[in-house]
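Here is a short report on one protein chain. Keep the structure open beside the text and find each residue as it comes up.

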Amino acid sequence: IAWLVAGRVVAEGSLRQMVTLQLGLSVALVPLTLWFFGGASWVAPLANLVAIPAAAVLLPLLVGAVAIALAIPDFGVPLLRAMSWAWWALYRALEWLAASAPHAWLTTGAGGAVLLLAMVGVVLLVAPRGLPVRPLAFAFLLPLFLPRQAALPTGHFRLAVLDVGQGLSAVVQTRRHALLFDAGPAWPSGLDMGEAVVAPYLRWRGVRRLDAMIISHRDMDHRGGAGAVMKALAVDRVLGSDGTGAEPCVAGQAWQWDGVSFEIFNPPRDGRGSSNDRGCVLRIATGSTAALLPADIGRASEQRLVRDYGARLAAQVLVSPHHGSAGSSSAAFVAEVHPELVIHPAGWKNQFGFPRAEPVARYARIGARQVQTGEWGMVDVEAGPRGIIRAAAWRQRRPRLWQLRPGTAPELGGAPTLEGQSRVGLGASP
């Protein structure tokens, strides 16, 4: 505030001073807001003009009401009730403003270096008048508006299996397209992984529109976050199995984006089997490289896939069926897919004990590297026509002192490491 008013002669307490301060503070805090929340609101100055004076009045009144309620409950409790209504009205007014303003929330995927430059830029932008270097502010702010990441080459795809706890959500990107396979869970408590994890990740990657979203089946750990994602981003097409309310996905559906092929392997057109066995199974392929996302299918569907597709099931990257449950990843299925990398989308110390020892052992016997999202966070894989190019787990790339150290998950081995271009080593085989 001192920096904003320095060198400016404005009558103290005037409306002009209030507006100047709110505009300046809103601009100055944009880099920090982007860092912590991945976006900023252009209506923040208007909201603060209402909220800050209102809070300055209501907060002392609230403290006073609490004191009175402690001393004289018969008089203080009605005051607390009145304060509750006042705060509720303020909150609803801010909600209305956020909902009514077009594109109130603007997102960016800027990294730390870009945000640091932006911080320098805003300091210069709101500097006292007459500072010679003020025009340089725009040069420091320019990187905010540049693309964060180079587009993938044609024929390449990126698969990110997100850590959404005990559930599944995976993002597939090609050069110009993006697909979401499941949206993670949501709980009655209000925690929604679509809002808390999936949508922020998509924004961070610079995705503003999903070309397709597949909801594999109706279980809440797969479809719970779909509503929040569709509220946050435009979705051109939604596919799903029965019970999801989406356009049905059936075996044989196929399309191609930027030299990468997508094909649905399940459910069969006869629609037989349990809800899990009727789930959507997606295969992504480019050249001799493929990734298989089989959702929560069990052994019955695995047997049918082995019978119907045989060698076409082969995939270097496999998201383990049903989070690595004992009722999936049958020996025949594992042998036919024969993955190099197996990603278990299972929550940390989940109540089901996923991934179970039996499927982990089967994948270990064929030499597959395995990683669990709940232990290592998001797993990010980039693949091209000749094989896997890069693969890393989030906690491998950005370790923190408060995270579990390697060796605490013996069923999956030690810390993820990279082992070259064509073979990926995420964890040591047990």
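The model is predicted. S329 sits in the loop between β15 (317-319) and α12 (331-337). Its phi is near 55°. That is a positive value in a residue other than glycine.

A295 shows a positive phi too, near 55°, and is likewise a residue other than glycine. Look for A295 in the loop between β14 (289-293) and α11 (299-309). Its relative accessible area is 5%. A residue under 20% counts as buried, so A295 is buried.

Next come two cis peptide bonds. One joins N266 and P267, with omega about 10°. P267 belongs to the loop between β12 (260-266) and β13 (281-286). The other runs from F354 to P355, and its omega is near -5°. P355 is in the loop between β16 (341-344) and α13 (357-365).

## The chain as a whole

Now step back. The protein chain has 430 residues, and buried residues make up 48% of them. It contains 15 helices and 19 strands. Take the contacts between residues at least 6 apart in sequence: 63% of them join residues at least 24 apart.

A104 gives one example of residues brought together in space. A104 and W42 are 62 residues apart in sequence. From C-alpha to C-alpha, A104 and W42 are 6.0 Å apart. A104 lies in the loop between α5 and β2 (105-107). Is A104 buried or exposed? Its relative accessibility is 10%, so A104 counts as buried. Which residues does A104 touch, not counting residues up to four places away in sequence? They are A40, S41, W42, V43 and A98.

| Helix pair | Axes come within | Crossing angle |
|---|---|---|
| α3 (residues 30-37) and α6 (residues 112-125) | 8 Å | roughly 160° |
| α4 (residues 44-71) and α5 (residues 73-100) | 8 Å | roughly 165° |

Start with α3 and α6. Their axes cross at roughly 160°. That makes α3 roughly antiparallel to α6, because angles over 145 degrees count as roughly antiparallel. The crossing of α3 past α6 is left-handed. On the α3 side, the contact uses P31, L32, L34 and W35. On the α6 side, G112, L115, A118, M119 and V122 meet them. What kinds of residue make up the contact of α3 with α6? Eight are nonpolar, one is polar and none is charged.

Turn to α4 and α5. Their axes come within 8 Å and cross at roughly 165°. The two helices are therefore roughly antiparallel to each other. Their crossing is left-handed. The contact of α4 with α5 has 27 nonpolar residues, one polar residue and no charged ones.

## Aromatic pairs

How many aromatic pairs does the count come to? The count is eight.

One of these pairs is W85 with W88. The ring centres are 5.5 Å apart, and the planes stand at 75° to each other. The pair is edge-to-face, because planes over 60 degrees apart count that way. W85 and W88 are three residues apart in helix α5, which means they are separated by about one helical turn. W85 has 56% relative accessibility, so it counts as exposed. W88, with a relative accessible area of 44%, is partly exposed.

Y201 and W204 form another pair. Their ring centres lie 5.8 Å apart and their planes are at 45°, so this pair is tilted. Y201 and W204 are three residues apart in helix α8 (residues 193-204), so about one helical turn separates them. Y201 is buried, at 7% relative accessibility. Which residues do ring pairs link into a cluster? They are Y201, W204 and W394.

Technical notes
Residues numbered from 1 in each chain as written. Predicted model: local features only at pLDDT ≥ 70, side-chain atom pairs only at ≥ 80, totals over all residues. Heavy atoms only, no water. Axes fitted to C-alpha atoms, helices over the stretch in contact; angles between N-to-C directions. Helix = DSSP H or I, 4+ residues; strand = E, 2+ residues; numbered from the N terminus. Parallel < 35°, antiparallel > 145°, perpendicular 65-115°, else oblique. Left-handed = near helix turned anticlockwise from the far one by under 90°. Contact = heavy atoms within 4.5 Å. Nonpolar A, V, L, I, M, F, W, Y, C, P; charged D, E, K, R; others polar. Phe/Tyr/Trp six-rings, centres within 6.5 Å; stacked < 30°, edge-to-face > 60°. Buried < 20%, exposed > 50% of the residue type's maximum accessible area, 1.4 Å probe, protein only.
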